[in-house]
Amino acid sequence: MAEVLKVEHLYQSYGGLSVLADISFSIEAGEKIAIIGPNGAGKTTLFNVLSGFVRPLSGRIHLLGNDVTHMPSHGRASLGLARSFQINSLFPKLPLLHNVLLAIQGVQPTRYQMIRPITAYKDNLVKARELLELVDLWGESESPITALSHGQQRQVEIILALASKPRLLLLDEPSAGLTAAESVNLGRIIRDLMGDTTVFFCAHDLDLVFSLAERVVVLYYGQLVAQGTPEEIQVNPKVREIYLGTEQHA
Amino acid sequence: MKLQKEYLLRYTPVGVIALLLLTLPLYADLSIVSLITKILIFGLLVMSLDLLVGYTGLMAFGHAAFFGIAGYTVAILGKHYNVTSFWLAAPAGIFMAVFVACIFGLVALRVSGVYFLLITLAMGQLIYGIVHTSVGPLGALTGGSDGLGGVQYPEMFGYAFEAETFYYFSFAACLICCFLLYWITKSPFGYGLQGIRENETRARALGYNTWLYQYIAFVIGGLFAGIAGVLYIYYNGFISPEGVGIGASGFLWLMLIIGGSGTLWGSIIGAAVILVLQYFVGGLTPERWPLILGVCFVGVIMFYRGGILPQLINLWRRVINGRSA
């Protein structure tokens, strides 16, 4: 299988605080990998480094065979990387439909086009409709984002990341702020939508992690402490210690 | 059929205004025709600012500079180089505005937010400083604080424009530019700009080169400001540093906010409100004029925060619905 992402010896720190320390791993095409770890483990920082929003202190990132360590975010998106955000990051005043259209055309050359209206691109319109129908939001397509509930906005967050048909999808806490029922529903939606897309996601919700992931990576204070199948991780003594504490501490 | 009728009803005010404008010289005297010409030109100028402020979220505060550069270029070519041909001078003026916008954009877009505002303000004042210099060869070229005059209405295909016909020319030019700007805002590029205004981080994550988008928008803003500047110098025949500096740029912001930023057509309403007030009130009490302007501004900010245009649209919608209900 082809390697979609390869990370070598990544370091990052904020001031004196080391957030990522010697992170190395790789992701093969089609894999669904979860990254877990307590608050402050460095999960979001890792996502920001991978998607080009934060430059690592050292280390290399290879995306689909290209060295993207110094490439800006939009360049990585053009190569096929897409991400969602832990805190809803949408275009609040624009209609839902135009949010999705913007996401679809973000990697198309027509994004610079100034003469035809955005709605004249029928293929994109069809794609947008398909995506919105999958989450039952086509009826809201003319509403601004601010008119949607938080749960619906979380779904749109995923839709926008998937709209460009990415080769590698990073989902940062897809179920943040959702109720347990909404979270289960979102997990089903992600499973339906992702198909054979390579997915790298982080979540606090371990039910979501163990239901979606084929491999789990554990991050603890900036270090990769364990990786393996969900079953292996569940019984890993080190992971149990991180999540439950040792007997002395308890 | 019902849908068509509603559609017609909704756009009735637009039709009425278009008709009034088209037949204006038939019933209005020359000073009013001249006032409306000025409103159209400033409307276009404010629209070009709205593309930056309302659509892209760029707080550009030196926008009058591009307007002034285009005007000065035409005036300098006419006065010192005897280039009076419209076909040479007008493109030269627009080219200079775009050229300077290309350079200023490179510098200003290194920063964002309030720093962008300060840098564009400084660059506007730089142009003001250049045209305000009264001494040396520069002073001889620009006329310093006296400004430059003597620009006649243009001549095309052997036809020399007069006040009324130049009104039609400006009307057509502004209409075309307004529709071009409108198209841009509805295009993939235009929505890209609005996406950047709403959420630059997400736009970058989706693949948008946000710097390039903002830069292109800045240059397009300079282009249309340049077109307005060329129209203005032919209309006014005279340009002085007052039309270039911080006062002029502030004036444009006032028009934009009063009309409604992010609405494009609101720019013309804002220009109309301020210039009509200036014409009537400024004529009555020139020394009280800034006071009255200030009161209007505060009034709009307090009671019509989105600007006048959205309020007018709401009002008209209520009128239609009241009738059909």
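**Note on the predicted two-chain model**

1. Interface. The contact between the chains takes 20 residues from chain B and 29 residues from chain A. Two residues are in contact here if their C-beta atoms, placed from the backbone, lie within 7 Å. On the chain B side, α9 (163–186), α10 (188–198) and α11 (200–205) each supply at least two residues. α10(B) gives the most to that side, with seven residues.

2. Ground rules. This is a predicted model: local features need pLDDT of at least 70, side-chain atom pairs count only at pLDDT 80 or more, and totals for chains, interfaces and linings use all residues. Residues are numbered from 1 along each chain as its sequence is written, while chains are lettered from A and ligands numbered from 1 in the order in which they are written.

3. Chain B, overall. Chain B has 16 helices and two strands. Helices (H or I, at least four residues) and strands (E, at least two) are DSSP runs, numbered from the N terminus. The radius of gyration of chain B is 20 Å, close to the 20 Å from the globule rule for 325 residues, so chain B is as compact as a globular protein of that length. That radius is taken over C-alpha atoms, and the rule is 2.2 Å times the number of residues to the power 0.38. The C-alpha atoms of chain B fill a box of roughly 70 × 55 × 45 Å along the principal axes.

4. Chain B, burial and contacts. Of the 325 residues of chain B, 46% count as buried. A residue is buried if 20 or more other C-beta atoms lie within 10 Å of its own, exposed if 12 or fewer, and partly exposed in between; the C-beta atoms are placed from the backbone. Of the contacts in chain B with a separation of 6 or more, 76% are between residues 24 or more positions apart.

5. Helix α14(B). Helix α14 of chain B covers residues 266–284, 19 residues in all. From first C-alpha to last it reaches 27 Å, close to the 27 Å expected at 1.5 Å a residue. The expected span is 1.5 Å times one less than the number of residues. α14(B) bends by about 30° at Gln278(B). The bend is the angle between axes fitted to the seven residues ending there and the seven starting there. Buried residues of α14(B) include Gly266(B), Ile269(B), Ala272(B) and Leu275(B).

6. Chain A, overall. Chain A comes to nine helices and ten strands. Along the principal axes, the C-alpha trace of chain A spans about 65 × 40 × 40 Å. Of its 250 residues, 42% count as buried. Among contacts in chain A between residues at least 6 apart in sequence, 66% join residues at least 24 apart.

7. Four-stranded sheet. Chain A has an open sheet of four strands in the order β2-β1-β4-β5, with antiparallel pairing. Two strands pair if DSSP finds at least two bridges between them. β2 (17–28) and β5 (66–67) of chain A are the edge strands, each pairing on one side only. Eight bridges join β1(A), residues 3–14, to β2(A). Val7(A) stands opposite Phe25(A) in β2(A).

8. Six-stranded sheet. A second open sheet of chain A runs β6-β7-β8-β3-β9-β10, and its pairing is mixed. β6 (81–83) and β10 (223–228) of chain A stand at the edges with a single partner strand each, so one side of each is left without a neighbour in the sheet. β3 (residues 32–36) and β8 (residues 198–202) of chain A run parallel, joined by four bridges. Ile33(A) has Phe200(A) as its bridge partner in β8(A).

9. β9(A) and β10(A) pair in the antiparallel sense over five bridges. Two residues lie between these strands in their hairpin, where Tyr221(A) takes a positive phi near 45°. Val216(A) lies in β9(A). Its bridge partner in β10(A) is Gly228(A). Val216(A) is buried, with 24 other C-beta atoms within 10 Å. Leaving aside neighbours within four places in sequence, the contacts of Val216(A) include Ala34(A), Ile36(A), Val209(A) and Ile233(A). The C-alpha atoms of Val216(A) and Phe201(A) are separated by 9.6 Å, at 15 residues apart along the chain.
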